[in-house]
Amino acid sequence: MNSRRDFLQKLGVSALALRLAAFSGRAYGKDRDDTAFDGPVLRVAIMGLGSYGTRVAEAMQACTKAKLVGVISGTPSKIKNWQSKYGIPEKNCYNYENFDEIKSNPDIDAVYVITPNGLHHDEVIRVAKAGKHVICEKPMALNAKEGHEMIDACEKANVKLLVGYRMHFEPKTLEVIRLRKAGDFGKILFFQGLCGFTIGDPNQWRLNKQLAGGGSLMDIGIYAINGSRYMTGEDPVWVTAQETKTDPVKFKEGVDETIQFQFGFPSGATASCLSTYTMNDLDRFFLDGEKGFAEMQPSTGYGPIMGRTSFGELTQPVTVHQTVQMDEMSDIIFKGKQPVVPIDGYEALKDLKLIDAIYLAAKTGEKVEVKL
Ligand code: NAD
């Protein structure tokens with residue numbers, strides 16, 4: 001995704017720097033334990049060898065508790081490249097027709113689904129039926145109904161369902177959450193989330209309603225939806241939303257270009273957010289309480305995340321998000337570790353309910369009550 005890469009490069013991070021950091025692990029964080037890990041290693045097959053799948057694979061090279069061991073792809077040449085680059089054996093390579101056979105492969109613990117949003121539902125359910133743990137990219141599905149079905153399928157198959165909420169492991173984000181929980185900001189009054197980039201190629205799946213499920217909200221606005229919950233520590237009870245479109249040819253019916261939405265929380269706090277595919281450099285969170293504030297910009301890009309509170313700069317270490325995420329997911333799956341902010345199917349379902357409500361509110365102009 002050139003546009004996404006451009007977006008990230010505008011944030012000051014070159015792809016090369018990210019790669020070097022992933023390979024060396026040097027940006028993993030000061031607290032990284034470099035001693036050999038002798039616990040169980042999560043053996044992962046990646047489904048969808050696109051731009052984000054590639055980023056995850058590169059970051060996983062610095063993991064100590066997770067390892068890339070397999071691939072699922074419809075493109076044989078990509079499989080060959082990945083095999084030679086990551087040492088993946090032939091027996092761990094699948095395509096979209098035969099990947100149910102992964103059921104009888106004892107060398108794969110989990111499948112990480114990194115395909116277009118509209119495919120997640122069916123693919124996650126197939127992986128669950130094959131008896132493997134599932135990691136799914138955001139948005140977990142196109143709507144809450146699909147989300148429920150995926151959770152049910154994973155529970156029935158007795159496999160874990162985790163979602164790639166990489167910010168839930170990001171040190172500066174976790175520090176703001178810690179300060180908020182400790183009461184340093186006082187009663188929380190307001191959250192603002194601005195998320196956007198200018199999208200390029202009009203023919204990409206992100207602008208195809210069937211594959212994307214919508215537009216900017218599904219792709220980038222979800223960071224403000226999820227962020228409004230982990231920053232305030234509350235789940236919304238009402239939603240209002242307004243959609244604006246400057247290019248109805250590029251952004252067809254059902255594909256939102258720009259949506260602004262507001263949440264109301266049980267405490268009386270509110271959130272005001274903007275999601276767009278036509279403005280660059282929008283990656284900002286602001287949290288305001290009676291006794292202090294936190295602001296982060298960039299707030300959800302690949303990093304480095306930067307920010308400050310009313311008490312000073314946020315100085316927590318820079319990490320490669322996907323490296324930390326995969327090691328943490330290993331502990332969650334094998335050791336039952338509880339992350340500070342959940343990353344399971346129920347967490348993702350809350351975001352999907354809010355997405356449903358935002359689209360409904362934008363369409364009707366009504367305030368929509370939600371119960372997460
Ligand atoms: P991409 O287009 O770069 O890659 C998608 C991959 O899916 C490609 O390899 C493509 O060949 C494959 N694919 C399989 N079936 C397909 C079909 N029917 N149509 C089109 N492609 C098909 O997209 P991406 O940026 O890697 O995004 C994939 C998923 O990852 C999305 O759900 C996206 O929201 C998510 N994502 C998450 C983050 C994050 O930071 N957590 C970042 C980027 C993308």
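Tutor: We begin with a term: buried means under 20% relative accessible area, exposed over 50%, and partly exposed in between (1.4 Å probe, protein chains only). This is a predicted model, in which local features need pLDDT of at least 70 and side-chain atom pairs count only at pLDDT 80 or more, while totals for chains, interfaces and linings use all residues. Residues are numbered from 1 along each chain as its sequence is written, and side-chain values use heavy atoms, with hydrogens and water left out.

Student: Is Arg 229 buried or exposed?

Tutor: Arg 229 is buried, at a relative accessible area of 6%.

Student: Where is Arg 229 placed?

Tutor: Arg 229 belongs to helix α9 (residues 216–232). Helices (H or I, at least four residues) and strands (E, at least two) are DSSP runs, numbered from the N terminus.

Student: Which side chain does Arg 229 join in a polar contact?

Tutor: The partner is the side chain of Asp 235, at 2.9 Å. A polar contact is a pair of N or O atoms within 3.5 Å; within protein, one must be able to donate a hydrogen and the other to accept it, and residues adjacent in sequence count only if both atoms are side-chain atoms.

Student: New topic: how many residues of strand β1 are buried?

Tutor: In β1 (residues 42–47), 5 of the 6 residues are buried, so the strand is mostly covered.

Student: Which way do β1 and β2 run?

Tutor: They run parallel, and 6 bridges join β1 to β2 (residues 66–72). Two strands pair if DSSP finds at least two bridges between them.
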